Amino acid sequence: MDIGTLVFAVVVIVFIRMRLQHRKIAIGRKKFLESNFPEAIKYFTQGINEKYVVMGVKPHAYLSRAAVLSAMEDYEGALADCEKCLELKPGDATGLAVKGMVECRLGRYDDAIKDCDAAILKAPMASIVYVCRGTVHTSMNEFESALKNFDVSLNMVPKSQTAYVHRAACLLRMSNFEETIKACTEALKILPKSSQINLIRACAYIQINEFDKALADLMVAEKTFASQPSGAAAKTRMLLGRGQVDQADEFLNSFLGNYSKNTNELSYLRGRIKMLKAPQEAQAHFDEALKLDPYNLEALYRKGELLEQLGSAAEGAAIKEKAIEEGFVI
């Protein structure tokens, strides 16, 4: 084989490898947008484990997998993938922004803001960095700042599912349920297959006692979220809203027995159930929820209610007042 033929063969092999690796990443992203998290993880992992790695693909495969792990609430795993991405591509703006969002989920708020701000300085025209910073502000109950960031992102990419999902989640956390429903309904016109948006709208319907509408949305999202904390939390809230406390208790026990990974929302809901069935056991769950998320004002307010119920009226009233002062809407 002459040198020209050899070079041509190498180029063809590299080209084929590159197309295959990019295809795996593309399929993974499609599965992620469809909220098919296990399949997305599979394809991103294949991209990461390719023996012949195409330049620049591996960092993005790590980052894409980090986004899926974060959506699955595996924040430690997501953070590890973000750090792998930044090892391979130091200073990458999207890597910094996603890392900031994950750090926020782990309660590392100062680090989260620092990394998101650094990402925006590096890539001020990248829409995703504003979504990440907006999510951090949402978690810190800085809602106006969060909405501004989401609006910047949507002005750049008007059909961004990620921006729509996190903007709707912000409105939900603000207890602005009517606006949450409006935002989700508009988003579903653009992104009709988004189970995440259906789930957020279901949560808003539950809060205003529109249980039939909530159930319809949960049925759309059920295949995606049946095994995820966000879906379990929504179903538990619906059962509690209908006064089906025993069914909520049974369902949550079953879910936690199979899943074994706790979250602040599930700890809070365990406290709500115990508050109705065994009040003396509820405070530990509210405290756990607040440990996992110090900005969970709903858990803080219900803890105040519990203390009043248990006879500590002054302490309970003070805690409720603090929750309201910090923005909790009854």
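**Helix pairs and loop residues**

Start with helix α4, residues 75-88, and helix α5, residues 93-105: they pack at an angle of about 155°, with axes 9 Å apart. Keep in mind that this is a predicted model. An angle over 145 degrees counts as roughly antiparallel, and α4 and α5 are therefore roughly antiparallel to each other. The crossing of α4 past α5 is left-handed.

Who makes the contact? On the α4 side we have Tyr75, Ala78, Leu79, Cys82, Glu83, Cys85 and Leu86. On the α5 side we have Gly95, Leu96, Val98, Lys99, Val102, Glu103 and Arg105. By class, the α4 and α5 contact residues split into nine nonpolar, one polar and four charged.

Let me step back to the whole chain. How many helices and strands are there? The chain has 18 helices and zero strands. There are 330 residues, and 49% of them count as buried. Now take the contacts in the chain with a separation of 6 or more: 53% of them come from residues 24 or more positions apart. The accessible surface is about 16,300 Å². Carbon and sulfur atoms hold 55% of that surface.

Next, a second pair. Helix α11 covers residues 195-207, and helix α13 covers residues 229-241. Their axes come within 10 Å and cross at roughly 20°. Parallel or antiparallel? The cut-off for roughly parallel is under 35 degrees, so α11 and α13 are roughly parallel to each other. Here too there is a handedness to report: α11 passes α13 in a left-handed crossing.

The residues that meet are these. From α11, they are Leu199, Cys203, Ile206 and Gln207. From α13, they are Ser230, Gly231, Ala234, Arg237 and Met238. The α11 and α13 contact residues divide into five nonpolar, three polar and one charged.

Stay in α13 for one more residue. Leu239 lies in that helix. Buried or exposed? Buried means under 20% relative accessible area. Leu239 has 11% relative accessibility, so Leu239 counts as buried. What is Leu239 in contact with, once its neighbours within four places in sequence are set aside? The partners are Gln244, Gln247, Ala248 and Phe251. Look also at Phe211, which is 28 residues from Leu239 along the chain. The C-alpha atoms of Leu239 and Phe211 are separated by 9.2 Å.

Last topic: backbone phi. Two asparagines are worth a look.

Asn141 sits in the loop between α7, residues 127-139, and α8, residues 143-156. Phi of Asn141 is near 60°, a positive value in a residue other than glycine. With a relative accessibility of 16%, Asn141 counts as buried.

Now Asn209. Where is Asn209? Asn209 lies in the loop between α11 and α12, the latter being residues 211-225. Asn209 is not a glycine either, yet its phi is positive, at about 65°. The relative accessible area of Asn209 is 53%, so Asn209 is exposed.

To recap the two pairs: α4 and α5 are roughly antiparallel, while α11 and α13 are roughly parallel. Happy to take questions.

Methods
Residues are numbered from 1 along each chain as its sequence is written. This is a predicted model: local features need pLDDT of at least 70, side-chain atom pairs count only at pLDDT 80 or more; totals for chains, interfaces and linings use all residues. Side-chain values use heavy atoms; hydrogens and water are left out. Axes are lines fitted to C-alpha atoms, for helices over the stretch in contact, and angles run from 0 to 180 degrees between N-to-C directions. Helices (H or I, at least four residues) and strands (E, at least two) are DSSP runs, numbered from the N terminus. Angles under 35 degrees count as roughly parallel, over 145 as roughly antiparallel, 65 to 115 as roughly perpendicular and the rest as oblique. A crossing is left-handed if the near helix is turned anticlockwise from the far one by less than a right angle, and right-handed if clockwise. Contact means heavy atoms within 4.5 Å. Ala, Val, Leu, Ile, Met, Phe, Trp, Tyr, Cys and Pro count as nonpolar, Asp, Glu, Lys and Arg as charged, and the others, Gly among them, as polar. Buried means under 20% relative accessible area, exposed over 50%, partly exposed in between (1.4 Å probe, protein chains only). Accessible areas come from the Shrake-Rupley method with a 1.4 Å probe; for residues, only the protein chains shown count as cover.
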